[in-house]
Amino acid sequence: MEIMKPLQRELLYLNKYSKSCIMISTTAKHDPKFKVLPRRNILSMGMSCFMINDENLLKKTLSFFDGKVDDIFIDIEQKQSLNLFKFAREIVRFSRLITVKPNDTTVESCDFLIRNHLNDDLFKKNIIVIGTGNLAGKMANRLAERQANVYILGRSTEKENRAIEALNLFLPK
C-alpha cells in the first residue's frame, strides 16, 4: 500500500498552522490497514488523524512525521496485537510523544451530552446501551455509576449476559 501521497497531503495541511500534530489510533477490527481520518483544528493548531493497523505502515507514518510536527498523539490502548506505543517509543525522537485513550474521550463526550440532556439527573432513569463492546461497556458502567437503570442490548444474549456480569462485578446489582 502506497501511503506517501496521503502523508504528504496531510503535511501540507498541517504546515498552515503554527502548531501541528498527528493522532494515530487503531481499532479492534483488522481493516483497514491504513486510513486518513477527519482533520481537526482549533485556533492555531492543526491535527491530522490516522487509523493504522499494520506495523510497516505505522513505522512509515511515524518516521515521516517525526520532527515535522510538534506532537504525536498515540492511542495507548492496545486493541489488537499491534502495540502503537511500543513502536512510537522506538521511532519518535524529535516530536513530543503523548499517549491518549480516544475511547475514553468518546465516553466523556457521551456522558457530558447525556447529563446535559437530562439536567444532570440520571437517578433511576431507564437507559438502553446498544452494544457490548469496549465503548458500550464503558458507557454502561458510567451510566450505572450515575445511578441510572442500565439495560444492555447486544447482538446475542450471550454477549449481553457477559456484559451484564462484567458490569455487576464493579457495581452493586
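This is a predicted model: local features need pLDDT of at least 70, side-chain atom pairs count only at pLDDT 80 or more; totals for chains, interfaces and linings use all residues.

Q: What makes β4 and β5 paired strands, and in which sense do they run?
A: Two strands pair if there are at least two bridges between them. Strand β4 (residues 71-75) and strand β5 (residues 96-100) are joined by five bridges, and the two strands run parallel. Therefore β4 and β5 count as paired. Among the positions that face each other, Ile 74 stands opposite Thr 99, and Ile 72 has Leu 97 as its bridge partner in β5.

Q: How do you know that β1 and β4 are also paired?
A: Four bridges link strand β1 (residues 19-25) to β4 in the parallel sense. The rule asks for at least two bridges, so this pair qualifies. Ile 22 stands opposite Ile 72 of β4, and Met 23 stands opposite Phe 73 of β4.

Q: In what order do the strands of the open sheet stand, and how is the pairing described?
A: The five strands follow the order β2-β3-β1-β4-β5, and the pairing is mixed. From one strand to the next, the twist averages 20°.

Q: Why are β2 and β5 said to stand at the edges of the sheet?
A: β2 (34-42) and β5 each have a single partner strand, so one side of each lacks a neighbour in the sheet.

Q: What makes the β-α-β unit of β4, helix α3 and β5 right-handed?
A: The test is to view the unit with the strands pointing away from the viewer; the crossover is right-handed if the path from the first strand over the helix to the second runs clockwise. The unit made by β4, helix α3 (residues 84-91) and β5 is right-handed, which means that its path runs clockwise in that view.

Q: Why is β4 described as mostly covered?
A: Five of the five residues of β4 are buried, which means that each has under 20% relative accessible area. Both faces of the strand are covered: Asp 71, Phe 73 and Asp 75 are buried on one side, and Ile 72 and Ile 74 on the other.

Q: Are Cys 21 and Cys 49 called buried or exposed, and why?
A: Cys 21 has a relative accessible area of 0%, and Cys 49 has a relative accessibility of 1%. Buried means under 20%, so Cys 21 and Cys 49 are called buried.

Q: How is the packing of α1 and α2 described?
A: Two packed helices are described by the angle between their axes and the distance between the axes. For helix α1 (residues 4-14) and helix α2 (residues 55-65), the angle is about 35° and the axes are 11 Å apart. The crossing of α1 past α2 is right-handed. Residues in the contact include Leu 7 and Leu 11 of α1 and Phe 64 and Phe 65 of α2.

Q: Which strands does α2 lie across?
A: α2 lies across β1, β2, β3 (45-52) and β4, and runs at about 165° to β3.

Q: Why is Ser 20 called buried, and what does it touch?
A: Ser 20, in strand β1, has a relative accessible area of 7%, which is under 20%, so Ser 20 is buried. Beyond its neighbours within four places in sequence, Ser 20 is in contact with residues including Leu 14, Gly 46 and Asp 70. Ser 20 and Asp 70 are 50 residues apart in sequence, yet their C-alpha atoms are 5.5 Å apart.

Q: Why does Asn 103 count as buried?
A: Asn 103 is found in helix α4 (residues 102-117). Its relative accessible area is 14%, under the 20% limit, so Asn 103 counts as buried. Leaving out residues up to four places away in sequence, Asn 103 touches Glu 77, Lys 79, Asn 134, Leu 135 and Lys 138.

How values were computed
Residues are numbered from 1 along each chain as its sequence is written. Side-chain values use heavy atoms; hydrogens and water are left out. Buried means under 20% relative accessible area, exposed over 50%, partly exposed in between (1.4 Å probe, protein chains only). Axes are lines fitted to C-alpha atoms, for helices over the stretch in contact, and angles run from 0 to 180 degrees between N-to-C directions. A crossing is left-handed if the near helix is turned anticlockwise from the far one by less than a right angle, and right-handed if clockwise. Contact means heavy atoms within 4.5 Å.
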